Amino acid sequence: MTKKQRAEIVMTELEKLYPIVPIPLDHNDPFTLLVAVALSAQTTDKKVNQISPKLFEVAGDPFKMMELEVDEIKYLIKEIGLANTKAKNLKRMAELLVERHDGIVPQTFEELENLPGVGHKTASVVMSQAFGVPAFPVDTHIHRLMIQWKLTSGKNVVETEKDAKKLFPREIWNKLHLQIIFYGREYSPARGNKENDFITKMLFE
């Protein structure tokens, strides 16, 4: 089976499983999505969704966020990993959004990636899910499954993203990256039982 054939099977099966894919992080607008994605680094989406409502209640826009002290932000997000660094980044991010962009989340990769705590993956999620711009954010689930399905030999998420973009049609990137994440969590966890991982079995048995 060629790589292209394997990719076709993956797309077909994921579309059957997840015809509609919700965005895993709860948010109200581009700013709260940006904050939620920044908070999700090395933390589960579930945990972020548990703590974000209180944060958004107090600081649901950059103007309110920048008024908070770092310690106040840290207190609101203390249950998630790297709370210290994330609190500093969120305050500075809010300040820069107000200074540079009148409090509006910019719609380019470059401007987003110039904000504190916003890497390429975070920018890709915001561009794809908030603004509908085709992007293929690669997280650890996607990187692992792309290697498992022999759709990439990428040594890191950057290389895997390049391979994914070559392999899959641009018009489905925004949906497909979420479908792969959901599949990884449900059927092929990094640690645990892979008995139900039927796509891998289809490709290699």
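Helices here are DSSP runs of H or I with at least four residues, strands are runs of E with at least two, and both are numbered from the N terminus. The model is a predicted one, so local features need pLDDT of at least 70 and side-chain atom pairs count only at pLDDT 80 or more, while totals for chains, interfaces and linings use all residues. Residues are numbered from 1 along each chain as its sequence is written, and side-chain values use heavy atoms, with hydrogens and water left out.

The protein chain comes out with 12 helices and zero strands. Its radius of gyration (taken over C-alpha atoms) is 18 Å, close to the 17 Å that the globule rule (2.2 Å times the number of residues to the power 0.38) gives for 205 residues, so the chain is as compact as a globular protein of that length. Along the principal axes, the C-alpha atoms fill a box of roughly 55 × 35 × 30 Å. Of the 205 residues, 49% are buried, meaning under 20% relative accessible area with a 1.4 Å probe, protein chains only.

Gly103 sits in the loop between helix 6 (83-101) and helix 7 (109-113), and is buried, with a relative accessible area of 15%. Setting aside neighbours within four places in sequence, Gly103 is in contact (heavy atoms within 4.5 Å) with Pro62, Phe63, Leu97 and Val98. Asp61 lies 42 residues from Gly103 in sequence, yet the two are 7.7 Å apart in space, C-alpha to C-alpha. Across the protein chain, 60% of the contacts with a separation of 6 or more join residues 24 or more positions apart.

Conventions:
Buried means under 20% relative accessible area, exposed over 50%, partly exposed in between (1.4 Å probe, protein chains only).
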